[in-house]
Amino acid sequence: MSTPMMPAKAPLPMRAQTFRQAPEAVRPNHGGGRSSLLWRLGAFGPAILITLSLLDGLWRWFATGGVTWGEAMAVVLIGVTFIWVSLSVSAVLIAALRLAFKPSPEARPGPGAETVALLVPVHNENPSEVLGNVAAMRAELAQGPGPDRFAFFILSDTTDDAVAEAEARAIAHVQATSAPGDAPVYYRRRPANTDRKIGNLNDWISDWGGAWDAMIVLDADSLMSGAAIRHLADAMAADPDAGLIQSFPVLISAETLFGRMQEFATSVYGWLLAEGLALWSQSEGNYWGHNAIIRTRAFADSARLPYMRGAGGRETLILSHDFVEAGMLRRAGWAVRFLPRAGGSFEETPPTLIDYILRDRRWCRGNMQHLRLLGIRGFHPISRFHLLQGAVAYLLSPAWFALLVIWSAFLPMAEAAAPESYFSPANPLFPVWPSVSQIDGVWFLALIYAMLLLPKVIAATLLAMRGVARLYGGLLPFLATTLVEIVLAILYAPILMVQQTGAVIRAIFGRAPAWLPQRRSQGTYGWAAIWRFHWAEVVLGTGLFVGLGVGVLSAWLTPIALSLLGAPLLSKLSGARLGGVRMTPFRLESPVSLRAPRVARTARTERERLAIMLADSAQIAAE
């Protein structure tokens, strides 16, 4: 018997929510108590103290000659930017401390009885890639216990009729090739994509959510092993207080320079940042919108998003909904947790610098909305901090940019005012040596880079000490590849700073970006498109070199000027495929590229099979 496109409806009403008042009934939450407080003091305390110490030293230095408005602005901007850098460092340090005393992995919960729907919202995506991933995950579940606990739902908001037709053919093929005991795969296409992804998921909950204890939300490029899916389901069943449990997705399947950079960085450094985040957030964690399990009734009762008030009093959709939904679950008393060491959770990454920036622009507009939501009634302080952190992640770029402008304008004047000779004609026997406490531009830049690189150095050192480097091809290739990634990250950082500054300006004054699927093809852009995209960096880089040439700007800006002026070339290189590169460090290999996980290998095979089937069926239909 064939699987129907959708099962019988099981309605689950979603309770209306408001930001103006907290819910009247809140379930008791058994948080971490004293343990949570200690981990948060360990994360936030050192960051605040280090930043205050730096600001005190800077202010004392500036005060020796009278503080100008430019110097005062520099101190403020340094404080704003440096505290976030310090927080990353302290989060990594507490994670390293925790691992030193408790290195064993998280205990796996016993099997639970939850029924779990795996939801895959799609919008004009490639059907062979989406269904290939689903087929691979279904095959994984079939090899373990309890596959009947799970079902896949492809929730289509596709507006392109040709793509929708291909979706239906791919679904029919997957359903027709199902084996007994396989998790069913259902398909629903909405006639109108009202409220985008939020509306898509709410529609499923309202019509079918009543039949499912929990839902795992996936992106179109998400991939999870059967063990990872069951781990999330069992963790939810074992914790009656949990409303949402977020896994830590690892980047996978990258073939280009920029994609491999991100894949390697996530593999080497991201795990330790996730460990630190899990420690200080405890039951007030966050939601990244995918590869997470959510208790269906908890979400229906407490996390249906109301609209925001936009310009002119118009109702506006919340774009970065995931952070807000996590805060609403916690507001109702549900725990929101991270599982940083669960493993088997994967996603893909934009292949080029331009694709990364285009995605970043969409995220920026949504995260900037969070500033207007900080006053939501009933939110936990940590939930508010997650909202603030999401916005600050983008605001830091214009803050860095402004700091560079002020510092580079102030520093040459300070150098010009300094004595060219250490001897005064009025007192030739007693030289005036320069103060060793002075903080010039080079030392300031070195301090910032040291703090930015410290989490990477700590994470790479821990992996090397624990013998994990062998999974990267050996210790020497691992260390050499780490160095290559750090150099590349430094080169691309000024470009991203300029682009994110532009994204913030667009978010404040511009229109909402178009709702387009992420470009996932592993290819680069032409030179004409690249020059149009990066003209601002080239102009800024040229201006910096002119200022350096005439002595108006300090020489410590040279690395930044080189990066900005070379933005088109670096952007072109970002899409270069690394398959034919001979030198091992420049291939930026990680364990998932050297030995692709079984679910990724299966997904690749299923994608190719579905692509051939869809091409053949399209040719037959054309004839």
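A salt bridge here is a side-chain nitrogen of Lys or Arg within 4 Å of a carboxyl oxygen of Asp or Glu. By this rule, the count comes to 20 salt bridges. This is a predicted model, where local features need pLDDT of at least 70, side-chain atom pairs count only at pLDDT 80 or more, and totals for chains, interfaces and linings use all residues. Residues are numbered from 1 along each chain as its sequence is written, and side-chain values use heavy atoms, with hydrogens and water left out.

Side chains of opposite charge can pair when their charged atoms come close. Here are some pairs:

| Salt bridge | N to O distance |
|---|---|
| Arginine 260 and glutamate 589 | 3.6 Å |
| Glutamate 275 and arginine 341 | 3.1 Å |
| Glutamate 589 and arginine 587 | 3.3 Å |

What about the glutamate 275 and arginine 341 pair? Glutamate 275 lies in helix H7 and arginine 341 in the loop between strand S11 (335-339) and strand S12 (345-347), so the pair ties together parts 66 residues apart in sequence. Helices (H or I, at least four residues) and strands (E, at least two) are DSSP runs, numbered from the N terminus.

How buried are these side chains? Buried means under 20% relative accessible area, exposed over 50%, and partly exposed in between (1.4 Å probe, protein chains only). Glutamate 275 is buried at 4%, while arginine 341 is partly exposed at 24%. Arginine 260, at 11%, counts as buried, and glutamate 589 does too, at 12%.

There's also a network of salt bridges linking Arg40, Glu284 and Arg330.
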